[in-house]
Structure formats: structure tokens, C-alpha cells
Amino acid sequence: MMDDWTGLPFDPSDDKLREECGVFGVFGHQDAAALTVLGLHALQHRGQEAAGIVSYDGADFHAQRHIGLVGDTFTGRDVVEQLGGDRAIGHNRYSTHGGSIERNIQPLFAEFSGGGFAVAHNGNLTNAMTLQGRLQRRGSIFQSTSDTEVILHLIATSERSRLVDKVIDAVGQVEGAYSLVCLSEKKMIGCRDPLGVRPLVLGDLDGAAILASETCALDIIGARFVRDIEPGEMVIITSEGIESRRPFPPARSRFCVFEYVYFARPDSRVGGRGVYEVRKNIGAELAREHPANADLIVPVPDSGTPAAIGFAEASGIPFDLGITRNHYVGRTFIEPTDAIRDMGVRLKHNPNRDVIDGKRIVLVDDSIVRGTTSLKIVKMMREAGAKEVHMRIASPPTQDSCFYGVDTPEKSKLLASRMTVAEMADYIKVDSLGFLSIDGLYRAVGKPGRDNAQPQFCDACFTGAYPTVLTDRDNRDNNVRQLSLLAEAS
């Protein structure tokens, strides 16, 4: 979900790639709303700025949308009691380019001619601006700055007669990445894009159907994992059971490989693989590709911890927690002075001097985006007495922007897009720097290596090999080039 197509600056003090949302749905359980709150709790890592739930009680739809964390906003019995019914869908939102305003909070809801309909979306539509322009010229009026609203308008304007066919018609017109959970008066619908870029799983709780972005959300409510919703599959859940449809031509899956590196919770299973074990495998591959003479392996918490454990086990170098993370800090504040701004990283990370002092250490982290956080953490390690600081990154260099639902700065702001590895090492002031190779990443996930002719994952942020057309970006670039030519002609 891209919140505002105009764009605001990427927060340089929060130098991580961020997944933008998580979705959850329950159909056929008397405690549907309460279960959805719990499911969103488990998916909080996928979006921390706002959350919403829409339920249906057989007569009316009910909605609760709040800015803030699930645990801070969906509290008290009265909140859940206002969400009546045995079916509900929910959404966690991480806004990256738009403000945290209530009209952007999902699930979005609309009254169609055939009844109410709510949709929650994880991903990003790469032709949303183009479709929005076409819809507006036909008279559609948009109420939010979310690309998800495009889907609602496409459904509303579809000339198909049945709701499911309208949804199929709508998703057949969009490009990019999406996992959708939708709710009507009689149905809950789950759908993944043809390449399956974003995750979606099906679960069962005492006969009630559950849809969720990750299996950890099933675990929290005691639901049984049934299976992954497959790429290009649509499931229609009613009181009669579950129907599966394949509205798209078969295509090779291009699941986002960064889900394994960082986005998914370590206790989830993604694509049949345990995320924690994959991250340990990544660390072991990294140790083989970039060994280091050191006394200690130190993770940059929390995302670097499983890979650091794998690195330590493969290298035989001891592992220790040389950095303590403060878990009670949200996005770092931005202050007007450099001196205060530089303290931002210490709100989240602080060195354990007794562990670090006098040691040659290997810092293990999941990625480097702008390099601002890495630079500050290396400086902290030096100040804590580290004799040498080596850094190992549990993914290839991030050198291209993501257009499929991940918060990344523009390409020119990515450190790896404008520096060699040696130049990056100089910039963040480490004694050595090593990134996992793209083949090493594939091996860690259980593949022999990257098939350059037919990649098994979406790895565009590392390779620039985008699996879909990028209509909005290409149109924007063409417009910029045309304006430039007009300026030159004048």
C-alpha cells in the first residue's frame, strides 16, 4: 500500500527498509473482532502507524480505525463490542509517503449497488496513478490518497454482474504486488497477485476460516495452518465452504526474497520455510563468503540476530550481545541540530562496553540503506573500545528502489547505488565490509543459486530486475523527459 503518490522525504534516522502493511481476516467465528485484534497484534511489525478493523453482523457493517499501535488503540471491551458479527477483516498500516490521517486507514469501505464491501491490501500497485487518472476522467471521486481505493473504484465501475466477477475484473486491470483480504455481506475473499510477491496464508480455527499475512498471526489465536494462498489464486469463503479460483494465466512465482531477510517475523513460516532457520542459513553463507579474523560476533538487534548466530556457528567465533536495543522507541524524532539528531540512534541502540572493549568484532546486520545508522553504530563501537570493527551484511547491496510495497528512498539516495563496497566501507568507517552474494542468498533459502534466466524470487532491490512493468514510474519519467526537451527547445 502506497499512501501518497506525491512523496515525502524518507526518514534518514530510521535507516531500515519497512514493509508497509499486514492483513488479517476471520469468517465464521463469534469472536471474530477480538481474534482480528490479536492477529493484528502478531502482525504489528508489518505496520506501526495505524490499524483498522471492519466487521459484519448480518445486518450492518461496523468499523474502527485508529492511528497508533494496536495495543494502544484497540483496548477495552467496548471497542471490540462495537465490532459485532462473526466475520471481520483488519489491517496494519505503515505510512511512508502520506500523513497518518484517518481517511487513509484500512480496511477501506464502500457501499456498492449490491451491498457493503471492505478491502485491506498489502503491496503496491505500479499503475495506480494511471488508473486513478482514467477513473477520475470518468467521474470517480477519490476520498483517500491510498492506491487501495483504486481497487474499490474498479470494482464499483465493473460491468460484470456478480461480485466475485467484479473483483476479478478489477484485479485483472492492476499491476504490481498485492495480497488482498475483502469482506462483503456474504463472503470473505483472499487474493494474491499472479507473481505472489506478497504473502498470504489460510488457516482454520474450529471451522472458522482465517486469512493472514503470516503464520505467526495464526499461532497467536491457536489456529491451524492450512496452506499458503498460491500466486494468482483467489479464495472465496462463504458459509458453504471455501472455493478456489485461478483467474490469471499461470506465471512463475516471484515472491519477495526480502521477506526472508527482514520483513517476516522470525517465528513465521514463509513459503514452506521457517524464517528463523533461513536467517541462520544466511549467516552461515555469509561466514563462508566473507570470513573475518575476529574475537566476537555482534548482531545489530533485532534484525541481525539470527544471521549473527548462523555466522558464529559457521565460523566458530563466539557470539555475544554487544548492543542493547530499546524496544520502546518508535520512529526517531528529527531535531534541527546535528548534535541532537545524531543522538537519535542511541535512543534505539546502546553498546555494551564490557563486551566490546578491546575486542575485534564483526557486526552483522540485515541491510544497508543510506548508511546513516551503520555509520553511527560503528562510531559507537569504536567509542566503546572495539579494537577492530568489521561489518557483514545478510543480503546483497540494496541498490534499487522497491515499487511493490516496501518503503525505500529513491535510487540516488541508496548508498550501494553510488558507491563500491570499498567506498562504502570507507564511508561507514569499518575495517572491512562484506555483503552476502545474490547466489548465497538463494542458497540460504534452499535454491542452488539464482537462475538469471528465470529468477525464483523478486530481488529487484538487489538486481534491478523488476518482475512487472512499472507504468506509473515510466509515465513519470517520460513526462520529465518531455518537459526537459520542451525546455531545451525554448
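Are Tyr442 and Phe457 buried or exposed? Both Tyr442 and Phe457 are buried, where buried stands for under 20% relative accessible area, exposed for over 50%, and partly exposed for the range in between, with a 1.4 Å probe and protein chains only.

## Basis of the model

This is a predicted model, in which local features need pLDDT of at least 70 and side-chain atom pairs count only at pLDDT 80 or more, while totals for chains, interfaces and linings use all residues. Residues are numbered from 1 along each chain as its sequence is written, and side-chain values use heavy atoms, with hydrogens and water left out.

## Overall composition

The protein contains 19 helices and 25 strands, taken as DSSP runs numbered from the N terminus, with helices (H or I) of at least four residues and strands (E) of at least two. Of its 490 residues, 57% count as buried, and the protein exposes about 19800 Å², of which carbon and sulfur atoms supply 50%; these accessible areas come from the Shrake-Rupley method with a 1.4 Å probe, and for residues only the protein chains shown count as cover.

Among the contacts in the protein with a separation of 6 or more, 69% are between residues 24 or more positions apart, a contact being heavy atoms within 4.5 Å.

## Aromatic pairs

A search of the whole structure finds 12 aromatic pairs, which are rings of Phe, Tyr and Trp (its six-membered ring) with centres within 6.5 Å, counted as stacked when the planes are under 30 degrees apart, edge-to-face when over 60, and tilted for the rest. One of these is formed by Tyr442 and Phe457, an edge-to-face pair at 5.3 Å centre to centre with 75° between the planes. This pair links distant parts of the chain, since Tyr442 belongs to helix H17 (residues 438–444) and Phe457 to strand E25 (residues 457–458), 15 residues apart.

Phe255, Tyr260, Tyr442 and Phe457 form one aromatic cluster. Another edge-to-face pair is that of Tyr262 and Phe263, at 5.8 Å centre to centre and with 65° between the planes, and both Tyr262 and Phe263 are buried.

A search of the whole structure finds 0 disulfides, a disulfide being a pair of cysteine sulfur atoms within 2.5 Å. Cys256 counts as buried at 7% relative accessibility, and Cys461 is buried with a relative accessible area of 11%.

## A parallel sheet and a helix across it

An open sheet of 4 strands has the order E18-E21-E22-E24, with parallel pairing, where two strands pair if DSSP finds at least two bridges between them. Its edge strands are E18 (296–299) and E24 (432–435), each of which pairs on one side only, and the twist averages 20° from one strand to the next.

Strand E18 is joined to strand E21 (residues 360–365) by 4 bridges, and the two run parallel; within E21, Ile361 is the bridge partner of Leu296. Helix H14 (residues 372–383) lies across E21 and strand E22 (388–393), running at about 150° to E22, with axes as lines fitted to C-alpha atoms, for helices over the stretch in contact, and angles from 0 to 180 degrees between N-to-C directions.

Ala50 lies in strand E3 (residues 50–56) and counts as buried at 0% relative accessibility. Leaving aside neighbours within four places in sequence, Ala50 is in contact with His66, Ile67, Gly68, His91, Asn92, Arg93 and Ile105, and its C-alpha atom is separated by 6.9 Å from that of Tyr94, 44 residues apart along the chain.

A hairpin joins E6 to E7 through 2 residues, and E6 and strand E7 (residues 115–125) pair in the antiparallel sense over 5 bridges, with Glu111 standing opposite Gly116 in E7.
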